[in-house]
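Please read them with the coordinates open.

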Amino acid sequence: MPFRYSAPPWWRQAVFYQIYLRSFADGNGDGVGDLAGLRARLPYLKGLGVDALWVTPWYTSPMADGGYDICDHRAIDPLFGTTEEAESLLAEVHDADLRVILDLVPNHCSKQHPWFRQAVSEGPGSPSRDRFWFRPGKGPDGSRPPNDWPSQFGGPAWTRLTEADGTPGPWYLHLFSHHQPDLNWNHPDIRADFAHTVRFWLERGADGFRVDAAPFPVKNPSLPDIAPHASPTQLPYRDQHQVHEIYRALRALTDSYPGSHFLIGEVNLPTTAQRARYVRTDELHCTFNFPYLASSWEAHKLRQIITDSLPADKDTPAQAAWVLSNHDTVRHLTRYGRDDSSFHMDGTFVDGPLDTNYRTGFARARAAILLTLALPGPAFLFQGEELGLPEVEDLPRAAVHDLAGKQPNTPAQGRDGCRVPLPWSEDTPPFGFTTNGTAWLPQPSSWHGLTAQRQEADPASMLRLYRAALAWRSCHMPSLPTTLRWLDLGTNVLAFARGAFLCLVNFGAHPIPLPHETQVHLTSSPLEERRLPQDASAWLTRSGYPAPPSLSHDGTKSS
Ligand code: NOJ
């Protein structure tokens, strides 16, 4: 048998940059980020050194949930531009030798979707209602929800319909907000339409998809109440075995197109075994590593999560992408400056500012990106983390858009604190984000020191650290082993080797000496006489390794 070498797929070690479109860059001056703004900033992304973009939903939508409430999966919302502009963007991304993945939202659509409007207008008994989950309420007058399932945003997962003649009708299921009715995946129209959407974007050049709320589209068909004392691994509305058929079909469809496409799922489930089922060889390629994102800044916790995330099979690097923040979470720089530095995945958002030590958060965020980018497998960055943006915790209540901030009994600002538009340039808001004076969410005036323009000129900035790390990673890490070996440098130190490459992170209060006979390539904070300070990381190679030009902590080259 002749030896055949098959190169790893492009996404295996890729760094993705998440574009939350409405907050990235505004090109038409209406205060909301859009395709024109993104296209104009492609050189910035190329210069940053990422390999691919993930663009959050850009489809037509009333924007009740930031575009995750979709009316037409195959058309661009006018707020963001046109389908022609999306096609141009895809072409320009490829010309820049980057890739792009798009969001798919299989679980639900918008209440304004033509199907739901039809279901409401055609009235009781209409077959158009079978595309959703309509059920009579409980009790003599049907005034209680059909079961006890909760909405992910709080309150019941059911809303009662008012029929066209004003009488109270059945209830419809929405595992997210009442603006987002759940689709019934037993209906052939749902499967056909989903496949149509996938083909539509693959034919326009999408390099893959991020699947929203991946464990939710299939429900236990009898819609039972949650069993008393049910374990979180056995909920009737999540992670049903038949859901995997959807991802097998999606994989078969994308594999039927020429080229290499990447599928990543938002699979936020409690156990490793549950998550692993979504990345079987004929399903998605990858999930997000939510335990890593949610972890507190503690050496033993992160080490355990990293160990659990690396497959036992030595030839397969992590099947969960490393990620520190996204558009649903508190920005990690802020979390890392708090006493409780973990992110709570149960949907509780903090009301008002907590005590945060920004100096600590900043140092840890710098250390965290070197840890993240040293791990084998894909990584996702959330826009603005490369600028060291903190969570904005004092948005005026009237400015808040996120529906998670508007539910009864939920804290005031929901997820908007991480969605504040990026500061690009200038000394005052809107910091070059828009040509209009006002961005859709107010930016803190204190961000004048965090603009991309300012950081560009500062060798010690977060932006320059990210650029240096990404450049070194793309040049030197592809050839490193995809397995890592832990080194024992004490309980407060995370240290591992990938071949001759070493990554060290000091979580302890005292500086630690670097191992002998190593060459330093990058550090997140300046060394103190070859000692790594608290909350800092370093990238080293063992002496004798054919060393690339070294980069000092500020990203400049030295001989
Ligand atoms: C997960 C998305 O990331 C989030 O922003 C959205 O609200 C829900 N899914 C519902 O689509």
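This is a predicted model: local features need pLDDT of at least 70, side-chain atom pairs count only at pLDDT 80 or more; totals for chains, interfaces and linings use all residues.

1. The shell around the ligand is made up of Asp 65, Tyr 68, His 108, Phe 153, Phe 176, Arg 210, Asp 212, Glu 266, His 327, Asp 328, Arg 415 and Arg 419. By class, this shell holds seven charged residues, together with three nonpolar and two polar ones.

2. A polar atom in the side chain of Asp 328 is placed 2.5 Å from a ligand oxygen, while an N or O atom in the side chain of Arg 415 is 3.0 Å from an oxygen atom of the ligand. On the nitrogen side, a ligand nitrogen is found 2.8 Å from an N or O atom of the Asp 212 side chain. Of the 300 Å² that the ligand exposes when taken alone, the protein buries 97%.

3. How do helices α11 and α13 run relative to each other? The axes of α11 (residues 358-374) and α13 (residues 462-476) approach within 10 Å and cross at roughly 10°, and the two helices are therefore roughly parallel to each other. On the α11 side the contact involves Phe 362, Ala 365, Arg 366, Ile 369, Leu 370, Thr 372 and Leu 373, which meet Met 462, Leu 465, Tyr 466, Ala 469, Leu 470 and Arg 473 of α13. This contact comprises 10 nonpolar residues, one polar residue and two charged residues.

4. The peptide bond leading from Pro 429 to Pro 430 is cis, its omega being near 10°. Pro 430 belongs to the loop that runs between β13 (379-382) and α12 (452-456).

5. Leu 223, a residue other than glycine, has a positive phi, near 45°. The residue sits in the loop between β9 (208-211) and α6 (243-255).

Conventions: Residues are numbered from 1 along each chain as its sequence is written. Side-chain values use heavy atoms; hydrogens and water are left out. A residue is near a molecule or strand if one of its heavy atoms lies within 4 Å of it. A polar contact is a pair of N or O atoms within 3.5 Å; within protein, one must be able to donate a hydrogen and the other to accept it, and residues adjacent in sequence count only if both atoms are side-chain atoms. Accessible areas come from the Shrake-Rupley method with a 1.4 Å probe; for residues, only the protein chains shown count as cover. Ala, Val, Leu, Ile, Met, Phe, Trp, Tyr, Cys and Pro count as nonpolar, Asp, Glu, Lys and Arg as charged, and the others, Gly among them, as polar. Axes are lines fitted to C-alpha atoms, for helices over the stretch in contact, and angles run from 0 to 180 degrees between N-to-C directions. Helices (H or I, at least four residues) and strands (E, at least two) are DSSP runs, numbered from the N terminus. Angles under 35 degrees count as roughly parallel, over 145 as roughly antiparallel, 65 to 115 as roughly perpendicular and the rest as oblique. Contact means heavy atoms within 4.5 Å.
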